[in-house]
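Here are a few exercises to work through with the model open in your viewer. Try each task before you read its solution.

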Amino acid sequence: MPSRTRIILARVLVVIGVILVVVSLLSNWVKREALDRSTFRSTSQELIAHPAIQDQLAQTMVEQLYANVDVSAQLEEKLPSNLQALSGPIAGLSRELIDRAAIELLQRPRVQSLFVDAASLAQSQTVRVLEGDTTRLQTTGGNVVLDLHPLVQRLGDRFGVLANASGQLPPDAGRIVLLESDQLDTAQSLTQLLKDVADWIWVPALLAWAVALWLVPGRRRKEVRAIAIGWIVAGVALLVIRRLAGSYLVDNLTDSDSVRPALSAFWNILSDGLKEAAWVVVVVGIIGTLGAWVTGEGSRAVATRRWLGPWLARPGLAWGVFAAVLVLVVWVLPLQRFLTAAILVVLACVGFEVARRQAVAEYEAEGADAVRPQLALPFRGAAAPAQATQVEELERLARLRSEELLTEEEYAAAKGRLLGAGTPS
C-alpha cells in the first residue's frame, strides 16, 4: 500500500496533467484556426454563408460605397435636368434598395468566393507577418488588412451608380485593418509561443500521469479513474471558456445591437472546433470512468462483470463487438488528427483487454467453485483428483494476482472460497 505522501503527490500530478490538457487543446485550436490555411479557408466559407454575417457585411459594403462615392452627384448626372434637384432625396431613398441588393449579392457563389479569397489572402498575409516576414506590407502602410474592395466594386457596378467603378473607387475603399504595424512585435512573440506550446505541451501531461500511476502500485485503477474524471472536467471547462469568451466578445467589442448577431455567429463558427474537441474529451472521459468503475470492487461492478463473463470469455466475440463499437465511436467523434485518434484507440484496446481478463478470471474462478462440491465426494478415489485441482487453482489465482489482474482483496476472497470448498466436512 503506497504512503499517504505518494497518494497526494500522484493526485497533484493528475491535476497538473488535466490543466496541461486544457492548455494543449486551447493552443492547438488557436493554431489550427488562425495559422492553418486550409482550415481557415473552410471557416471563411462557413462565415460568408451565415445570414447574420451576410447582413453585417452587406451593411459594411454599402457604407463603404456611400463613404467613397458621391451617390447623389452620380444620380444627378443621370437624371433629366428637371429632376436633378431630387438626386439627394432619391439617393437617400435608394439606400434601403441597395442594402437588399448587397445581401442578395453576397448570396451568390461567385461573390462568396471573392470574400473567401480576400479572407484567405489576409490570413496568409497575417501568418507570414507573424512568422517574421513583413516585406509584403509596404502597400498597406505596414498593416494587415482584409480587402473588400472587389465586393464594393461589384455592388457599385450592379446599380450602375458608377460609370467606371474601378476608376472612381479609391484603392483603400473596403479595406478593413486587422493588425496594425505597432502591434506586430507583440503578435509575433505570442505566435511563436503558441506554436511551441501547441507542439509539445501534451508530452508533460502524459509524463505527469505516467509518474502518478507509477507512484501508487495497488491504487492504479483509482488513479486511472481520477484521470478519466479529469478529462470530463477538462472538457466541461473548455465549453465554459468558450461560452464566457463568446459573451465577452459580443458584449465588449461593440455597443451596437445590430452588430452583435453577426459577432455572435462569427464566434460560434470560429470556435466550433473548440466545442468539438471539448465534447471528444468529455466522451473519452466518460468511457474511461466507466471502464475504471466496471473493474472496481463495488457490488454492482462485480455483478456487471459476472453478467459479462460468459461473453468476454470468448475472445473472438468480445473483440468483434468491441471493435464494432470502437469504430462507431471514432466515426461519430470529430477526431481531426490521426495521432490523437491512434493514441485513444490504443488506450481503449489496452483498457478493454485488462477489463476482459479480469472478468474472465472471476468468471472462471466462480465456475470452478460451482462444480468443485460435486468433485469433493466422500470417496477416497475422488480425493486425489480434487486435491490436484485445488493446487492448480491456487497456482492460477497466485498468477492472476502477480499480474495485477486480481487485487489482494479479490485474491483473498477467492482463496478462502477455494480452501473452504476443499475442506472435508
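Contact here means heavy atoms within 4.5 Å. The model is predicted, so to speak a computed one: local features need pLDDT of at least 70, side-chain atom pairs count only at pLDDT 80 or more, and totals for chains, interfaces and linings use all residues. Residues are numbered from 1 along each chain as its sequence is written, and side-chain values use heavy atoms, with hydrogens and water left out.

**Exercise 1.** Find S27 and work out which residues it is in contact with, leaving aside neighbours within four places in sequence.

*Solution.* Start with the helix: S27 is found in α1. Helices are DSSP runs (H or I, at least four residues), numbered from the N terminus. Next, check the burial: S27 has a relative accessible area of 6%, so it is buried (under 20% relative accessible area; exposed is over 50%, partly exposed in between, with a 1.4 Å probe and protein chains only). Now list the partners, which are L194, V197, A198 and I201. Finally, follow the side chain of S27, which reaches the backbone oxygen of S24 at 3.0 Å.

**Exercise 2.** Describe how α1 and α11 pack against each other.

*Solution.* Begin with the axes (lines fitted to C-alpha atoms, for helices over the stretch in contact, with angles from 0 to 180 degrees between N-to-C directions). Those of α1 and α11 come within 9 Å and cross at roughly 35°. Then pick out the residues: α1 brings A10, R11, V14, V18, V21, V22, L25 and L26, while α11 brings K222, E223, A226, I227, G230, A234, L238 and I241. Sorted by class, that makes 12 nonpolar, 1 polar and 3 charged residues.

**Exercise 3.** Which residues of the largest nonpolar core touch the most other members?

*Solution.* A nonpolar core is a set of buried Ala, Val, Leu, Ile, Met, Phe, Trp, Tyr and Cys residues joined through side-chain atoms within 4.5 Å. The largest one has 29 residues, and V14, W209, W231 and A234 touch the most other members. Trace where the core comes from: α1 (4-35), α10 (202-215), α11 (220-252), α12 (260-270) and α13 (272-294) each supply at least two residues. The biggest giver is α1, with 9 residues. Zoom in on W209 to finish: beyond four places in sequence, W209 is in contact with L13, V14, G17, V18, V21, I227 and W231. Another core, of 25 residues, lies apart from this one, and its members include L106, V116, V152 and L155.

**Exercise 4.** Is R305 buried or exposed, and what does its side chain pair with?

*Solution.* Locate R305 in helix α14 (residues 299-312). Its relative accessibility is 3%, so R305 counts as buried. Beyond four places in sequence, R305 touches V294, T295, G296, Q358, A359, E362 and E410. Of these, take T295: it sits 10 residues from R305 in sequence and 7.8 Å away in space, C-alpha to C-alpha. Last, the side chain of R305 makes a polar contact with the side chain of E362 at 2.8 Å (a pair of N or O atoms within 3.5 Å; within protein, one must be able to donate a hydrogen and the other to accept it, and residues adjacent in sequence count only if both atoms are side-chain atoms).

Notes
Ala, Val, Leu, Ile, Met, Phe, Trp, Tyr, Cys and Pro count as nonpolar, Asp, Glu, Lys and Arg as charged, and the others, Gly among them, as polar.
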